[in-house]
Each structure stands twice: as structure tokens, then as C-alpha cells.
Amino acid sequence: MRCSPTGAKRQLDRESETLDAGLYLIDDWYIGETTQISTALRYDYIETSAQDDPIPGEDPVLTAEFDKGTEDEENAFTGSLGIIQDISHDWSLTASYSRAFHAADGLTKTISSSAGTIHTLPNPHLKSETSDTYEGGIRFDNGVLRSSLVAYQSDYEDLIQLASIQQGTDLAYKRVNVGEATIKGVEWEAAWQLSRHWQARGALTYTHGDDKTNDHPLDGIAPLNGFIALNYTSVNDVWQAEAKLRGAKRRDRIDPNKERERPGYGALDLKAVIDLEKTAGWDDWQLSLGIDNVFDKEIRNQVVEENLNFSNQLIGNPLVEPGRGFFIKLVNLY
């Protein structure tokens, strides 16, 4: 709903309803002292519907989409099987398979340009996406250094994406199902306790996505990105301080029909946390303060949509993250 300056209310989009009923079972068990197996099984029944009658002033283009039908139902069995195998006191191997089901709810199927921020068409019969994910990795933890390296591949059917559609001279968007797609990647993370007071942390993520049906890169896939951080904890844990350097590689693997290349970036964040229970007697309170993006770098959001009809020098096309920012927070831990 939207209110006019006179206080009158106007409906922006058709109402929708979603019913999601499911049953979920999960169990873990051990084989000896070195093997852990995890299993899960789930059944979902999804029913969606939209308002049959057009709203006052509805665009005929939207009415035509809803005239294709406003009710839909789906069901799916999903589950997973995983194993953690210890191979020594410090090392372990992991492997898993999972079948996933991402339901398209009523809002996803019916939202249009009336309620959204860009010219968008509804898709009342948008199918839910399914995927099969295979994952394998290795972990190390000796109490001082903890690290893991994981590789995965997800194969999708009917992947839901926001696609651009040319309508005469106008560019519109519509959520559609991509026939087949694959997303694969590698993730690394580590934490090293250098001493009682110092700790180093880091993470690195690489992701690669392909629309196999249309033979081009998937849009909305982040490039190589990660961070390194150094943390100091004072005597008696009264306060902590952290410096974090985060960044991403230039995004140049794109679908040129939907995206432009985006520059990489690097930014430094500083933060300090003070325990107010130990300094002022305030039980369960902390004071947090810091500076984000210390050197005021321009950072373009790497995965948000942009409109190719407009310049990419505009602040919001694609979205520019805030520059240097100062913050102070009073936090209650419970």
C-alpha cells in the first residue's frame, strides 16, 4: 500500500498467498571414534496464489501476465548425506552430497514495477529451482592454527534469475527460470593464534558460474574476494582491537547483455571493543567503535543489478557502498 499526501491509500500490487507445509528428519551417528555421518531428509508442499482481479490502474502488460493463471502448487523431496573422517589428531577430510529445493513464493512471483524499484514484470508460474551439490574438503586444527579448504559444485535446474527483457524501446526485468546452470568454487579460511594476545585471520573465496542453457556466464557471481585481519586482546580481556584489509578482484567475467565490468577494490577497516563490565561495572555491556573504509575508497557493489540504459558513473548504477564511515555502538550481550 502507498499513502498519498492527502492520506488516501492505494494498492501497489496484487495480493499473494503462500502455503509451505513440510516434514524434516535429521540424524547424526558415529562409526568408531574417527567417522561421523550426518543425514537429513525433507518433504515440502508449496502452494501459491495471487489475487484474481486486477488492482485499480493496473498496467495492461501486468494484467496480461496474470491472465496466464494465478495459482500454482509444487512438492519436492530433498536431503543430504555428509561424512567427516579423522585421519590424524590434527587432520580430517569432509565430503557431502545434498539435494536442495528453492521455492518461489507468492511475493517473488507477483512483485512488479509498482512495488519494486525497477521496471519489473510478474511471473505467476515461476517454477521453484532445484540443485544437486557435491562438496569435498580438508581441515586442520592443532589448537594454535585452524584452517579449512573446501571445493564444491552445484548443478541447478530452473535456476531463478532476474532477466532483462526488451519491450519496444524500454528495458524491463522479469524473474525467469534458467534451464540449467552450474556454480562451483573454492573457499579457504584460517585463524592463527600467534600468542596469548595476538591472532591473525583470513579467508578467500573463488566462485565460477555458467548458464549452460544459453552458454554464457551467470550474472550476479562475485569475483575472487577475501580478507586478512590482525586482532589484539589486552591483558585480562578488557579490550580488543582489530585491523582488517578486505578486497575483491576486478569483475571481468560477465554477461555483456546484462552487466558491465566492475573494478576491483581494497579497503581497510579498524575496530575496537571495550568490555564495560570490567571497566565500568556494567554487566553484559560492550562499547564498540571504529572506522570503516579508512582511506575512503570507492567500492561498487560486485553483484547488485545495474541498468544498462544508464551510465555506470551514477552512484546507484551499480550501487556504490558508503565511503569512510565512523561508528560507535553500545551493545548488550543478552
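Guide: Start with the polar contact: a pair of N or O atoms within 3.5 Å; within protein, one must be able to donate a hydrogen and the other to accept it, and residues adjacent in sequence count only if both atoms are side-chain atoms. This is a predicted model, where local features need pLDDT of at least 70, side-chain atom pairs count only at pLDDT 80 or more, and totals for chains, interfaces and linings use all residues. Residues are numbered from 1 along each chain as its sequence is written, and side-chain values use heavy atoms, with hydrogens and water left out.

Visitor: Which side chain does Glu-74 join by a polar contact?

Guide: That of Ser-128, at 2.8 Å. Contact in general means heavy atoms within 4.5 Å. Beyond its neighbours within four places in sequence, Glu-74 touches Asp-44, Tyr-45, Ile-46, Leu-126, Lys-127 and Ser-128.

Visitor: Is Glu-74 buried or exposed?

Guide: Buried means under 20% relative accessible area, exposed over 50%, partly exposed in between (1.4 Å probe, protein chains only). Glu-74 has 18%, so it counts as buried.

Visitor: And Ser-288, buried or exposed?

Guide: Buried, because its relative accessibility is 9%. Among its contacts outside four places in sequence are Ala-272 and Ile-328.

Visitor: How is empty space found?

Guide: Rolling a probe the size of a water molecule over the atoms shows where empty space is left. A pocket is an open set of points on a 1 Å grid over the protein atoms alone, where a 1.4 Å probe fits, with protein on both sides within 12 Å along at least five of seven lines; lining residues have an atom within 4 Å of a point. The largest pocket holds about 290 Å³. Of its 21 lining residues, those closest to the centre are Gln-161, Leu-162, Asp-219, Gly-220 and Glu-305.

Terms used: Grid points are joined across faces, edges and corners, and a volume is the space filled by probe spheres set on the points.
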